Amino acid sequence: MLTEMNMGDVIRLRKPHPCGNTDWVVVRLGADIGLKCLGCERRILLPRRDVAKRMKTYVHKDEGGSASSNESS
Ligand SMILES: [Zn+2]
């Protein structure tokens, strides 16, 4: 399922960041996944396998074209 991950997706990790936040936005895709903490904006790089192990759920999946949400941003 991680292969479906896209830039801008927000994921929730099982273990909170020291700042208390658990939600991260995907800012880089590659051999390593770049994540930015939504609490303190710190960026980290994690191997895909690590992300898969630490991830709890998707908070927001950017489908890029899905009209399920009408929120204007
Ligand atoms: Zn943080």
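Colleague: What is the bridge partner of Val25 in S3?

Modeller: Lys36. Further along, Arg28 sits opposite Gly34 in S3.

Colleague: How many bridges do S2 and S3 have?

Modeller: Four, in the antiparallel sense, between S2 and strand S3 (residues 32-37). Strands pair here if DSSP finds at least two bridges between them. A hairpin of three residues links S2 to S3.

Colleague: And what elements does the protein have?

Modeller: One helix and five strands. From the N terminus they run β-β-β-β-α-β. These are DSSP runs numbered from the N terminus: helices are H or I with at least four residues, strands are E with at least two.

Colleague: What is the strand order in the sheet?

Modeller: S4-S3-S2-S1-S5, an open sheet of five strands with antiparallel pairing. S4 and strand S5 (55-60) are at the edges with a single partner strand each, so one side of each lacks a neighbour in the sheet. The twist averages 40° from one strand to the next. For such angles, axes are lines fitted to C-alpha atoms (for helices, over the stretch in contact), and values run from 0 to 180 degrees between N-to-C directions.

Colleague: How many bridges join S1 to S2?

Modeller: Three, between strand S1 (residues 10-13) and strand S2 (residues 23-28), running antiparallel. Ile11 faces Trp24 of S2 there.

Colleague: And how many join S3 to S4?

Modeller: Five, again antiparallel. Lys36 is opposite Arg43 in S4.

Colleague: Which residue has a positive phi in the hairpin of S3 and S4?

Modeller: Glu41, near 65°, in a hairpin with five residues between the strands. Glu41 is not a glycine. Most residues other than glycine have a negative phi.

Colleague: Is Glu41 buried or exposed?

Modeller: Glu41 is exposed, because 10 other C-beta atoms lie within 10 Å. The cut-offs are 20 or more other C-beta atoms within 10 Å for buried, 12 or fewer for exposed and partly exposed in between, with C-beta atoms placed from the backbone. Glu41 lies in the loop between S3 and strand S4 (43-47). From Val25, Glu41 is 16 residues away in sequence and 9.4 Å away in space, C-alpha to C-alpha.

Colleague: New topic. Which residues make up the largest nonpolar core?

Modeller: Five of them: Ile11, Trp24, Ile33, Leu35 and Cys37. S3 gives the most to this core, with three residues. A nonpolar core is a set of buried Ala, Val, Leu, Ile, Met, Phe, Trp, Tyr and Cys residues joined through C-beta atoms within 7 Å. Buried residues make up 8% of the 73 residues in the protein.

Colleague: Which residues form the covered face of S3?

Modeller: Ile33, Leu35 and Cys37. Asp32, Gly34 and Lys36 form the uncovered one.

Colleague: What does Ile33 touch?

Modeller: Val26, Arg28, Leu46, Arg48 and Val51, leaving out residues up to four places away in sequence. Contact means C-beta atoms, placed from the backbone, within 7 Å. Of the protein's contacts with a separation of 6 or more, 31% are between residues 24 or more positions apart.

Colleague: Last one. What is the mean pLDDT of the protein?

Modeller: It is 86, and 79% of the residues reach 70 or more. pLDDT is the predictor's confidence in each residue, from 0 to 100. Among the elements, S4 has the highest mean (97) and S5 the lowest (90). Where pLDDT is low, the predicted coordinates should not be read in detail.

Note on methods: Residues are numbered from 1 along each chain as its sequence is written. This is a predicted model: local features need pLDDT of at least 70, side-chain atom pairs count only at pLDDT 80 or more; totals for chains, interfaces and linings use all residues. Two residues are in contact if their C-beta atoms, placed from the backbone, lie within 7 Å.
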